[in-house]
Amino acid sequence: MHLSPSEEINMIEQKLKQSISLAFQNCFNAEVDIEKIALEKTSNDYEGDFTFVVFSYLKQSKKNPEQTANEIGNFVKQHVSEVASFNVIKGFLNFSLNNNFWFKFLQQNYSDQKFGFAKNQTNQKIMVEYSSPNTNKPLHLGHIRNNLLGFAVSNILKANGHQVTMCNLVNDRGIHICKSMLAWIKLGNGETPQSSGLKGDHLVGKYYVEFDKLYKKEISELESQGLSKEEAEKKAPSIIEAQQLLQKWEAGDEETVRIWKMMNDWVYAGFDITYKKLGVEFDKYYYESNTYILGKEIVQEGLSKNVFFKKDDGSVWIDLTDDGLDQKLLLRGDGTSVYITQDIGTAELKYKDFGCERSIYVVGNEQDYHFKVLQLICKKLGKSYADGIYHLSYGMVELPQGKMKSREGTVVDADDLMDEMINTAKETTIALGKTEGLDENELQNLYETIGLGALKYFLLKVEPKRKMMFNPEESIDFQGNTGPFIQYTHARIKSILRNVDEETLSIDMKNIELHILEKEVIEILHAYPAVIANAGKEMSPGVIANYVFDLAKSFNHFYHELSILKEENINQRNLRVMLCMFTANNIKSAFGLLGIRVPERM
RNA sequence: GGUCCUAUAGCUCAGUUGGAUAGAGCAACGGUUUUCUAAACCGUAGGCCCUUGGUUCGAGUCCAAGUGGGACUACCA
C-alpha cells in the first residue's frame with residue numbers, strides 16, 4: 001500500500017487510536033470504538049506529543065486511572081514503533097514520538113505546495129453567495145467583511161476538496177435605486193462619471209444621499225404644517241415620485257428603464273474596480289431584476305399546495321406560528337413582490353443551474369430571521385435543496401460612534417479605506433527603509449500587499465458571527481497579531497532562502513538533534529491538514545488566521561534563537577533550511593486561503 | 001409579545017467533540033541589535049471566564065433561570 005504524504009501524516013493519530021483500542025481488548029477485555037477515542041495535543045507544560053485521557057474509560061478497564069493509563073501505555077509503546085516513550089500523570093497518558101517521525105514528516109512535506117489540502121475531490125457541490133450589493137451606493141466596510149469572508153470560505157471549501165461556485169446576487173431593482181435615479185433626474189444636470197471624474201458607484205451614491213436630503217427637508221416642512229411624522233414620511237412628494245418611478249420601471253417604461261440601465265452600468269464599472277482591488281471574484285452573477293418573477297411563480301405553487309394562504313386584500317402569507325415564528329408576507333396586496341419572494345425564486349434558480357446540495361449565503365446577522373423563514377418555506381414547499389441552505393451569518397462592523405448609516409454619511413467607504421491602508425503601508429515601509437533596489441512598480445505592489453494584508457487579516461481573524469468594533473484611528477496595526485507581522489515572517493524567510501543554492505536537501509537523521517524550538521514549529525506545521533479540515537467544517541477563516549499567527553510566532557522564536565545558514569553541522573543546517581521552506585510555503589498557503597498575498601521582501 | 005446572537009485581562013480577541021496551573025496581541029513597565037530583515041525576540045504586571053443553580057471524576061466550554069449589550073420580527077431590502 002502506498003500512501004501519499006498527507007494521508008501518511010494523519011495516520012499517526014489513527015495508528016495510536018487503533019492501538020489504544022487494541023490495548024483495551026488485550027489488557028481489559030473491553031471493546032472501545034476507535035472513532036470514539038479522542039487524542040489531544042499534549043499541553044506544553046508536560047512531556048509528550050499526544051495525550052489520551054483515560055478517566056471516562058475506567059468502567060471498561062475496571063482499574064484506577066494510573067493503572068489503566070500505564071497498561072495502555074505499555075501496550076501502545078510495544079506496538080507502535082513511532083512511540084519512543086510515555087508518561088502517566090493522574091489519568092493523563094502522554095505519548096512521546098521519536099524524533100525520526102518528525103524528521104521524516106519534514107523531509108516528505110517541506111516542499112509540497114499543496115500540503116494540507118485534500119488530495120481527492122469530494123464530489124460535493126457547494127454554492128457560496130456573497131457580496132450581494134445594492135446598486136444605489138458604493139461598497140463600505142461592512143461589504144468588505146462580507147466579501148472577504150465569502151471569498152475566504154470558498155477557498156477553504158475548495159481546499160477541502162469540494163466543488164465551489166461563487167456567486168453574487170445583485171440587488172439591482174427596487175425603491176432604493178429609484179431614489180438615486182429620481183435625485184439624478186431632478187438635480188443631476190446630466191452628470192456622468194466621465195463628466196465629473198467620479199467613480200460610477202460613488203456618483204450614484206451621491207444622488208442617493210441627495211435624495212435623502214430632499215426627502216428629509218420635505219418631511220420637516222410637512223411636519224411644521226401639522227402632519228405627524230408617519231404621515232409626512234408617506235406624503236412627501238419625493239417619495240411618491242420615487243414610488244411612481246418604480247411602478248414605471250415595473251411596467252417597462254422605456255425612458256425609466258434606460259436611465260436605470262445606464263446608472264446601474266456606472267455602478268457595475270465602479271464595483272468591478274473595488275472587487276479587483278479587494279481581490280475577490282465570482283463565477284456567476286445573478287440579478288434580482290431577472291429572478292423576482294420566478295419567485296412569484298413559486299408563490300402560486302405554494303398557494304396551490306396550500307402551504308401559503310391569501311388574505312381578503314389579496315396579499316399572500318405563510319403562517320409560521322407553529323414553528324415559533326410569526327406570519328410572514330410573501331406577496332403584497334397589489335401583487336408586487338417583497339424581498340423574500342425574490343429569494344425563494346433565486347434559490348430555485350440556483351439549484352436548477354448548478355444542482356448544489358449545499359447553498360451558503362454570506363449575509364449579515366441582521367437577516368438571521370429572514371433566512372430561518374426562507375429555509376422553512378423551502379422545506380414546507382418540499383424543495384429538495386431546503387436542507388442544504390445555510391446562512392453564514394456574520395456580525396456587523398461597528399464604529400466608535402455606533403452603527404454605520406449610509407444615508408447619514410457615517411460609513412467607512414471601501415475604496416477610501418483601502419487607499420488609506422495602502423498609504424499607511426507606504427509610509428511605514430519608507431520609514432523603515434528596507435526596500436532598496438525595488439522599482440516603482442514593485443514598490444506599489446508591495447504597499448498594496450501590506451496595506452490590504454493588514455485590513456484583510458484584521459477583518460478575517462475574528463470569528464464571523466461576532467460583531468466587531470472598527471476604530472479607524474487605531475484599529476489597524478502593523479505589529480503583533482496582524483497581517484504584516486505574518487507577511488514579515490515570510491519575507492525574512494525568503495531573504496534567507498535567497499542564500500540557499502541547493503534545489504533539494506537531504507538530512508542524515510543519525511547526525512542531528514531536534515531542538516525544542518525546531519520541534520514546536522514542526523508540530524504546528526503537522527497540524528495544518530487538520531486545521532484546514534476544521535476551518536472547512538466550521539466555515540471559519542478565523543481558524544486559519546489563528547493558526548498561521550501561531551506558526552509565525554513560533555517560527556520567529558526559533559529564528560531568533562538558532563542560526564540557520566551559519567549552523568556548522570550540515571545536516572542540522574539542512575533541517576533548518578527545510579523548516580524555513582516549509583514554513584514559508586505554509587504561510588503563503590494559509591494566507592492564500594484568506595485571499596492575502598505575501599511579499600518576497602519588505 | 002416572539003425568534004436569535006453575545007458577555008473571558010484596561011482595550012481588541014483566541015480557547016477544538018467537557019480535561020492538567022484559562023491564552024495571544026495592543027496599551028504599561030524592563031531588557032535584547034559588531035552575528036541570516038528589530039514590522040522581530042525575551043521578561044514583568046494585569047482574571048469572581050456576567051450572576052445563581054444543575055449535570056460529573058472534572059465546566060470558560062453542556063443544561064436551566066436571571067442580568068447587561070445587540071439584531072431581527074408589524075405590505076423596506
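User: How many cavities of 30 Å³ or more does a search of the whole structure find?

Analyst: Let's start with the general idea. Rolling a probe the size of a water molecule over the atoms shows where empty space is left. On a 1 Å grid over the protein atoms alone, a cavity is a set of points where a 1.4 Å probe fits but cannot get out. Here the search finds 1 cavity of 30 Å³ or more. A word on the basis: this is a predicted model, where local features need pLDDT of at least 70, side-chain atom pairs count only at pLDDT 80 or more, and totals for chains, interfaces and linings use all residues. Residues are numbered from 1 along each chain as its sequence is written, chains are lettered from A and ligands numbered from 1 in the order in which they are written, and side-chain values use heavy atoms, with hydrogens and water left out.

User: Which residues line the largest cavity?

Analyst: Lining residues have an atom within 4 Å of a grid point. Among those around the largest cavity are Met 127, Tyr 351, Arg 358 and Ile 389. The space inside is about 90 Å³, where a volume is the space filled by probe spheres set on the points, which are joined across faces, edges and corners. H13 and S11 each give at least two residues to this lining; helices (H or I, at least four residues) and strands (E, at least two) are DSSP runs, numbered from the N terminus.

User: Which residues lie nearest the centre of the largest pocket?

Analyst: A pocket is an open set of points with protein on both sides within 12 Å along at least five of seven lines. In the largest pocket, Asn 134, Lys 137, His 140, Glu 366 and Gln 367 lie nearest the centre, out of 46 lining residues. The pocket holds about 1,400 Å³ of space. Helix H8 gives the largest share of its lining, 6 residues.

User: Which residues come nearest to RNA strand B?

Analyst: A residue is near a strand if one of its heavy atoms lies within 4 Å of it. Of the 69 residues around RNA strand B, the nearest are Asp 313, Lys 434, Tyr 488, Arg 492 and Lys 566.

User: What lies 2.8 Å from a polar backbone atom of Glu 463?

Analyst: That is a phosphate oxygen of RNA strand B. Another phosphate oxygen entry involves His 557, with an N or O atom of its side chain at 3.3 Å.

User: How far does helix H11 reach from its first C-alpha to its last?

Analyst: The expected span of a helix is 1.5 Å times one less than its number of residues. Helix H11 (residues 254-278) has 25 residues and reaches 36 Å, close to the 36 Å expected. Just after H11, Gly 279 takes a positive phi of about 85°.

Note on methods:
A polar contact is a pair of N or O atoms within 3.5 Å; within protein, one must be able to donate a hydrogen and the other to accept it, and residues adjacent in sequence count only if both atoms are side-chain atoms.
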